[in-house]
Amino acid sequence: MLLAKLQTQQGFFTKLHTSRDAATKTSFLISHKIAKNSKPFSEGEFVKECLVDSAALICPDKKGAFEQVPLSRRTVTRRIEQIAGNLELQLHREVAGFDFFSLALDESCDVRDTAQLLIFVRGITDFKITEELAAMRSMKGTTTGSDLFMEVNACIDTLGLKWDRLAGVTTDGCPNLTEEHESEHSDIGYHTAVRWLSLGKVLKRVWDLNAEIREFCEKKGKDIPELSDENWMADFAFAVDVTALMNELNTKLQGKGLFVHQMHSLVKAFMTKLQLLSRQLESNTLTHMQTLKEVTPSADHLRRYSSMLGALHGEFSRRFEDLRTIEDEMHMISSPFTYSVDNAPTDVQLELIDLQSDAVLAEHFKSGSLLDFYSTLKEENFPNMRRHAQKMLVLFGSTYICEQTFSMMKFAKSTHRSSLTDDHLSAVLRISTSNIQPDFDALVKAQQRLDFTH
């Protein structure tokens, strides 16, 4: 009798415990989705209201369970802090195994004019790549190269990364940081610029609507003399064609999963196009300049535009000059079976001969991805080739990941949510950008211990 009573009580408490854990886990899951989608923390209360009302209609006997899910603004805030902490802990474990890593850095101001430095880390373990937000640092004072370097150094120390494993630094908005760093590590400086390419399609749309714009302005009694100026319209048409080409390049550079050698190929192709167009303009060939073709530009216009394309080519060459210093290495890693052994670094020459003589490996190279191919190379046979490949494949090709995150930041911390603290903004960005799955079971257990101690 007593045994049966005890078993009944145990069953009751087990069921109660399971129900409480399910409610806690649901709270974590919903809070994760709120942060992942940059929603206000108070949305949890609205979600709970929807859940309870839905349960009352669909499964009335379960309504009580939904009412137990804690989703107050305060609870959601705490859950988001805990999830971000769990992701950071998992990242710490990942970076401990990195063979090499690279950084992408950029700095921008939030809605309250606080300078925020984003630091992304991309690491390679064997040939598994991990790409995560390493830190968001709020710059309350100056943002000199020295200030930025100190913040990056602190981030690297916190994660336990080693400077001698750093393969490269990609930065856009803070080039002084690279210069600061190169003074001590001249062999790993790596700087590229992509954001300046990001011109919208506004010019093309205005061009297409220029007749409607002129008609509208006439009705309103507003004159736009530029739309009747042949010289101005010729310049406008030229700008439309050139920015369209640049936007096409920008879109390609933002493709997912691109390695630095693929981005370099896109930039080289664009620069070659600029040279072709420059030559064609000199000979009044407008095959690839369809907008300019509509206005029949003069010979003087064409000479000037040809010169401008030449200057643009020079600017691209200057801005991407760092890529030229690793061009041979990129070629060797991306095309190892056709790369000249004589031009290869001395530590890989003999390995490269063995590689190029292996028909099985050559077939595998054709059928799989670069990461798959290099991961199958045996360490004992190709140690140096593997190391060179790791250092090249781990590089960030652009700071586009920072640009995406700044867009999230400006959505998460808008004029309507300007009171969001830096710590909470950092937590939201970590969750919304992370490829790591939170360990919800560990979070629930940690919450159990916390509840027990209270």
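A residue counts as buried when its relative accessible area is under 20%. In this predicted model, Phe238 has 7% relative accessibility and is therefore buried; Tyr305, at 0% relative accessibility, is buried as well.

**Helix H12**

Tyr305 is one of the buried residues of H12, which also include His301, Leu302, Ser306, Leu309, Leu312, His313, Phe316 and Ser317. Viewed down the helix axis, the buried residues of H12 fall within an arc of 160°, so they line one face of the helix. The face turned away from that buried side carries the exposed residues Asp300, Arg303 and Ser307. The cover over the buried residues of H12 includes helix H9 (230-253), helix H10 (260-282), helix H11 (290-293) and helix H13 (321-325). H12 comprises 21 residues (299-319); at 1.5 Å a residue it should span 30 Å, and its end C-alpha atoms are 30 Å apart, which agrees.

**Aromatic pairs**

The model contains eleven aromatic pairs.

| Pair | Distance between ring centres | Angle between planes |
|---|---|---|
| Phe127 and Tyr374 | 6.1 Å | 25° |
| Phe238 and Tyr305 | 4.3 Å | 5° |

Phe127 lies in the loop between strand S2 (115-125) and strand S3 (128-139), whereas Tyr374 belongs to helix H17 (residues 370-376); this pair links parts of the chain 247 residues apart. Phe127 and Tyr374 are both buried. The second pair joins Phe238 of helix H9 to Tyr305 of helix H12, 67 residues apart.

Phe127 and Tyr374 also belong to one aromatic cluster with Phe337, Phe365 and Phe373. Elsewhere, Arg79 lies over the face of Phe28, at 4.5 Å from the ring centre.

Terms used:
Residues numbered from 1 in each chain as written. Predicted model: local features only at pLDDT ≥ 70, side-chain atom pairs only at ≥ 80, totals over all residues. Heavy atoms only, no water. Helix = DSSP H or I, 4+ residues; strand = E, 2+ residues; numbered from the N terminus. Expected span 1.5 Å × (residues − 1). Buried < 20%, exposed > 50% of the residue type's maximum accessible area, 1.4 Å probe, protein only. Arc of directions from axis to C-beta. Contact = heavy atoms within 4.5 Å. Phe/Tyr/Trp six-rings, centres within 6.5 Å; stacked < 30°, edge-to-face > 60°. Lys NZ or Arg CZ within 6 Å of the ring centre and 35° of its normal.
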